[in-house]
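The sequence and the structure come first.

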Amino acid sequence: MFKAKHPTTFRDMQTKIIRSQKRNQAEDGATNVPTLYQTFAVNLENGLHARPCALLVKTLRPFHCRVDVEAKGALASGHSIMSLMVLAASYQTKVTFIMTGEDAAQALTAVQRLFYTHFEDVYPTATDPARTAPVLSKT
């Protein structure tokens with residue numbers, strides 16, 4: 001029987017993270033590897049499509065931590081655009097971010113900013129003249 005290489009449910013992922021932490025603690029002697037969880041509702045009308053997924057990956061790139069994202073029972077890596085897009089997280093879908101590592105808190109703060117600002121870097125606002133298309137004058 002074929003066994004999936006990667007866990008496919010949120011519970012399997014939690015178990016894998018806990019086992020990994022225990023193994024790392026035993027190897028390193030470290031006991032403070034933070035794991036943070038936060039659930040957000042997708043607040044984008046078109047859901048998490050290519051642009052917001054790309055912005056998420058770009059935002060998480062500088063942080064040294066593992067980022068897993070769970071939506072509708074499926075898991076994805078927060079460091080892969082395609083993996084995030086496969087989640088097919090539409091408007092108001094609950095997505096849970098699981099972050100483990102030394103920069104987990106900073107990474108979570110960055111993700112919170114994206115959700116709280118409705119991914120403003122992806123969608124220009126009418127009030128920001130630098131981000132709007134130029135208006136052609138009537139002649």
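## Aromatic cluster

Phe 40, Phe 97, Phe 115, Tyr 116 and Phe 119 make up one aromatic cluster. The model is a predicted one: local features need pLDDT of at least 70 and side-chain atom pairs count only at pLDDT 80 or more, while totals for chains, interfaces and linings use all residues. Residues are numbered from 1 along each chain as its sequence is written, and side-chain values use heavy atoms, with hydrogens and water left out.

Rings of Phe, Tyr and Trp (for Trp, the six-membered ring) pair if their centres lie within 6.5 Å; planes under 30 degrees apart count as stacked, over 60 as edge-to-face and the rest as tilted. By this rule there are five aromatic pairs. In one of them, Phe 40 and Phe 97 sit edge-to-face, 5.7 Å centre to centre with 80° between the planes. Phe 40 belongs to strand β1 (residues 35–41) and Phe 97 to strand β4 (residues 94–100), so this pair ties together parts that are 57 residues apart in sequence. Helices (H or I, at least four residues) and strands (E, at least two) are DSSP runs, numbered from the N terminus. Both Phe 40 and Phe 97 are buried; buried means under 20% relative accessible area, exposed over 50% and partly exposed in between, with a 1.4 Å probe and protein chains only.

Phe 97 also pairs with Phe 115, again edge-to-face, at 5.9 Å centre to centre and 75° between the planes. This pair links distant parts of the chain, with Phe 97 in strand β4 and Phe 115 in helix α4, 18 residues apart. Phe 115 is buried, as is Phe 97.

## Packing of α2 and α4

Two packed helices are described by the angle between their axes and the distance between the axes. Helix α2 (residues 50–60) packs with helix α4 (residues 104–116) at an angle of about 150°, and their axes are 10 Å apart. This makes α2 roughly antiparallel to α4. Axes are lines fitted to C-alpha atoms, for helices over the stretch in contact, and angles run from 0 to 180 degrees between N-to-C directions; under 35 degrees counts as roughly parallel, over 145 as roughly antiparallel, 65 to 115 as roughly perpendicular and the rest as oblique.

On the α2 side the contact (heavy atoms within 4.5 Å) is made by Leu 55, Leu 56, Thr 59 and Leu 60, and on the α4 side by Ala 107, Ala 110, Val 111 and Leu 114.

Pro 52, Cys 53, Leu 55, Leu 56, Val 57, Thr 59 and Leu 60 of α2 are buried. The buried residues of this helix pack against β2 (66–71), α3 (81–86), β4 and α4.

Lys 58 is also found in helix α2, but Lys 58 is exposed, with a relative accessible area of 56%. Between Lys 58 and His 79 the C-alpha to C-alpha distance is 8.2 Å, and the two are 21 residues apart in sequence.

Most residues other than glycine have a negative phi. His 118, in the segment after α4, has a positive phi of about 55° although it is not a glycine. With 43% relative accessibility, His 118 counts as partly exposed.

Phe 119 also lies in the segment after α4, and its phi is near 55°, a positive value in a residue other than glycine. Phe 119 is buried, with a relative accessible area of 0%.
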